[in-house]
Amino acid sequence: MPIDVTALVEQARAGQPLAVARLISLVEEASPHLRSIVTALAPLTGRARVLGLTGPPGVGKSTATSALITALRARGQRIGVLAIDPSSPFSGGALLGDRIRMHDHATDPDVFIRSMATRGQLGGLALATPQAVRVLDAAGYDVILIETVGVGQSEVDIVSLADTTLVLLAPGLGDGIQAAKAGILEIADIFVVNKSDRPGADQTARDLTHMISLGRKEITGPRWRPPVISTIAATHTGIDDLVSAIDTHHAWLTTHAELDARRTHRAAAEIEALALATLRSRLTETNTLPNLAEQVAAGDLDPYTAADHLINP
Ligand code: GDP
């Protein structure tokens, strides 16, 4: 089926959700049109604020996402959400009913929610997520919220796409602070202690504040001290404080030229993912690698020269 990329991009810019969804699908399946899509989108991007939201399963990420959407919509902002589950084989909305409290926003044309997952495709999410952010940015969403599930390296990578990263924890979740220690601490711009209606919430907030006061390692550039915000996402309590903290962080990024630094970092990740994808397809789609391997195995070629040849044929 022929695809008119220019028309699709125009429709997405005009706010047509079907065109936005179609573009994200094309990006996700690494369509042959990916290059022309990204080229068409590039001049239209750079306006949206990108928020990352991560934390262990069950802390209330999707509840908080829904509450945040409500708060941001109340001030007239259009919101795009990418719910990312690196461990799930489902994508394209299959998990929406579960993951996000969709019914709250299902009829709002200014909210676009999409789940993404590409199990089995090495580097798939690293490739697709920044391009999906571009689609939403070009389509005029003011805030793009990237929600990642689970604890591990993947969400650290994906969240590094964000201007502002929120790390959600909850009291009584023993591994919450552990997770923070395991690396999430370094990426958090704002900590959220959700489920503050539960016992132990104050202690969790105090523990976090103490940890932050000990200082974060490997900080370069100007220093931002992450605030700890207590919320009860289920009742929207504390969400206004959270929105204020997000705004304060954004203002800080702007005054310290950190916003540009983060966006340059994001661009670098994008270029790397695209370059690696090209190299990977060269490995699998041509006979270059098997041919080189035979020569190296036969002693006719050294592996360094073979690797050079693979990169610069
Ligand atoms: P996620 O896995 O991190 O996305 O967590 P969910 O948003 O699906 O929430 C997990 C469970 O915690 C759900 O049953 C929510 O209703 C509940 N929940 C979310 N926020 C709160 C809160 O602030 N207080 C309490 N008591 N429960 C909450």
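Tutor: First a term: helices (H or I, at least four residues) and strands (E, at least two) are DSSP runs, numbered from the N terminus. Residues are numbered from 1 along each chain as its sequence is written, and side-chain values use heavy atoms, with hydrogens and water left out. The model is predicted, so local features need pLDDT of at least 70 and side-chain atom pairs count only at pLDDT 80 or more, while totals for chains, interfaces and linings use all residues.

Student: Which side-chain N or O atom is 2.6 Å from a ligand oxygen?

Tutor: One in the side chain of Thr63. Another ligand oxygen distance, 3.1 Å, is to an N or O atom in the side chain of Lys195. On the backbone side, a polar atom of Gly58 is 2.9 Å from an oxygen atom of the ligand.

Student: How much of the ligand does the protein bury?

Tutor: The protein buries 75% of the 580 Å² that the ligand exposes when taken alone. Accessible areas come from the Shrake-Rupley method with a 1.4 Å probe; for residues, only the protein chains shown count as cover.

Student: Switching to charges. How many salt bridges does the structure hold?

Tutor: 13, a salt bridge being a side-chain nitrogen of Lys or Arg within 4 Å of a carboxyl oxygen of Asp or Glu.

Student: What does Glu28 meet in a salt bridge?

Tutor: The side chain of Arg114, at 3.0 Å, N to O. The pair links distant parts of the chain, with Glu28 in helix H2 (residues 17-28) and Arg114 in strand E3 (residues 111-116), 86 residues apart.

Student: Is Glu28 buried or exposed?

Tutor: Buried, with a relative accessible area of 8%. Arg114 is buried too, at 6%. Buried means under 20% relative accessible area, exposed over 50%, and partly exposed in between (1.4 Å probe, protein chains only).

Student: What about Arg263, which residue does it meet in a salt bridge?

Tutor: Asp163, at 2.8 Å, N to O. Arg263 lies in helix H11 (residues 258-285) and Asp163 in the loop between helix H7 (153-159) and strand E5 (164-169), so the pair ties together parts that are 100 residues apart in sequence. Asp163 is buried, with a relative accessible area of 1%.

Student: And which residues are linked in a network of salt bridges?

Tutor: Arg73, Arg78, Asp108 and Asp110 are linked in one.

Student: On to the sheet. How many residues of E5 are buried?

Tutor: Six of the six, so E5 is largely enclosed by the rest of the structure. Thr164, Leu166 and Leu168 are buried on one face, and Thr165, Val167 and Leu169 on the other.

Student: How does E5 pair with E6?

Tutor: In the parallel sense, over four bridges; two strands pair if DSSP finds at least two bridges between them. Leu166 has Ile190 in E6 as its bridge partner, and Leu169 stands opposite Val193 in E6.

Student: And how many bridges join E1 to E5?

Tutor: Four, and the two strands run parallel. Leu51 stands opposite Thr164 in E5.

Student: What is the C-alpha separation of Thr164 and Arg49?

Tutor: 8.4 Å, although the two are 115 residues apart along the chain. Thr164 is buried, with a relative accessible area of 1%.

Student: Last one: which strand does E6 pair with over three bridges?

Tutor: Strand E7 (residues 228-230), in the parallel sense. The bridge partner of Phe191 in E7 is Val228. Both faces of E6 (residues 190-193) are covered, with Ile190 and Val192 buried on one side and Phe191 and Val193 on the other.

Notes:
A polar contact is a pair of N or O atoms within 3.5 Å; within protein, one must be able to donate a hydrogen and the other to accept it, and residues adjacent in sequence count only if both atoms are side-chain atoms.
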